[in-house]
Amino acid sequence: MGFEMTDVIISGSFYREGKFEELSVAVEDGIIRKIGKDVHGAKNIRISGGIFPGATDIHVHFRDPGETHKEDFASGSLSAIYGGTTTVFDMPNNVIPVTDYDVFENKLSIVSGRSFCDFGLYSMYTGSNSSLISSKSSGIKSYLGESTNATAVGGEMKGFDEIEKLPVPKVFHAESFRCLKNHHTEGVKNLREHNLSRPLECEIDSLKDVKGFPLTRKIAAHITSEDSARTLGDSALKEVTPHHLLLNDMDQHGSWARVNPPLREREVQEKLLAAYLSGSMDIVSSDHAPHTEEDKEDFEFSKSGLIGVETRIPLMLALVKKGILSMERFYSTCIRNPAAAFGLRKGELKEGYYADFFAANLSDMSGVKERNLHSKTPFTPFNGFQSVFPNTVILRGEVVIENREAILEPMGRHVMDLRRVE
Ligand SMILES: [Zn+2]
């Protein structure tokens, strides 16, 4: 009894409430309708490996439109699904920054129909454009110091009432404008000098401002130290990246690891990792920011940013396999919390949520190989790092990666067209 026909039944070992359980999941119109041991349907898919809800990366720069020789929405989103990420949120610092309704609509029309994963788009808040921001924005990004294609707000944040009205997360790139100016150094030659030219104190200064902003749903992007987390307290969600967790300014990766905020000293990095492992951070994002070989040729003039949307989940899963990171911490920071922060019906195995999944075998650990990555500029300081890539990825009930190969055309949708958590 209880026999129900549905579009598809996915069976296997699902991660739920802290452990793996042998379950069947009935999917209809891309949504989980029923979860149990005794669920039947027209089409059955059996997945091997541990099955997690699809991951969400709330911080990517797919460079589309404007710099599609570095990346575009197709290559960036393809990289995402190969790495188990079924939803991304793309940052607004395109060559023409997304600061008003028209630019937003133009970007949305350009990227629609070309994404392999579901996506949301940010708008940039410059300090004076609150009335121009598209209501379709999934999030509001503000740069408190200068960065690539970004207008710095400086310490002069105002118009809080207007942006607070937008019911979306407010994400801050926190490096103090004034402090960066004071430490500005011409001709930095290596990662240590880059770090000293944008020191941790500039980040902490800026995070003090973020803490004071009278806004709800704040997210502090890519914080790089335990002190940063302590400065924020519970005033904002704390985002960290795999590169700040795993690399430091003495590593010999040259300009490929030049990034803002910079990689810190080893001691700072190790404390950040320890704080993350013990539960002080909320979200792990890639801050995927591709540049060409030419952009990275000479350290002194090199652009800042590195790729990571495809390696985020595999690198963190390798930490789980090695016994460094707990499975539950991995799940909450890479999968559940990022989806929940944006009100997605994703990131949990729950009826009424979207049937996004990835499956991986922890025994499949191997070195990252740049040549196997799908970014247009697949160069990464993580080349050779241990990783566990997913075998299977499912987006709203459709298998999009099978045996580690993409098998479908782009079917990613704008998250604003999906059902949300009320
Ligand atoms: Zn970024």
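Here are some notes on the zinc site and the cysteines of this predicted model.

1. Ground rules. Local features need pLDDT of at least 70 and side-chain atom pairs count only at pLDDT 80 or more, while totals for chains, interfaces and linings use all residues. Numbering runs from 1 along each chain as its sequence is written, and side-chain values use heavy atoms, with hydrogens and water left out.

2. Zinc site. The zinc ion has His59 (NE2), His61 (NE2) and Asp287 (OD) as its protein donors, lying 2.1 Å from it. Donors here are N, O and S atoms within 2.8 Å of the metal (3.2 Å for Na, K and Ca); water is not among the atoms, so sites may look incomplete.

3. Spacing. The donor residues follow the pattern H-x1-H-x225-D. His59 sits in strand β5 (residues 55-60) and Asp287 in the loop between β12 (283-284) and α10 (312-321), so this pair ties together parts 228 residues apart in sequence. Helices (H or I, at least four residues) and strands (E, at least two) are DSSP runs, numbered from the N terminus. His59 and Asp287 are both buried, meaning under 20% relative accessible area, with exposed over 50% and partly exposed in between (1.4 Å probe, protein chains only).

4. Disulfide. Cys179 and Cys202 form it, with sulfurs 2.0 Å apart. The pair joins helix α4 (residues 177-183) to helix α6 (residues 200-212). The S-S torsion is about -75°, so the disulfide is left-handed.

5. Other cysteines. The sulfur of Cys117 has its closest cysteine sulfur in Cys334, 16 Å away and too far for a bond. Cys117 is buried at 0% relative accessible area.

Conventions:
Disulfide = S-S within 2.5 Å.
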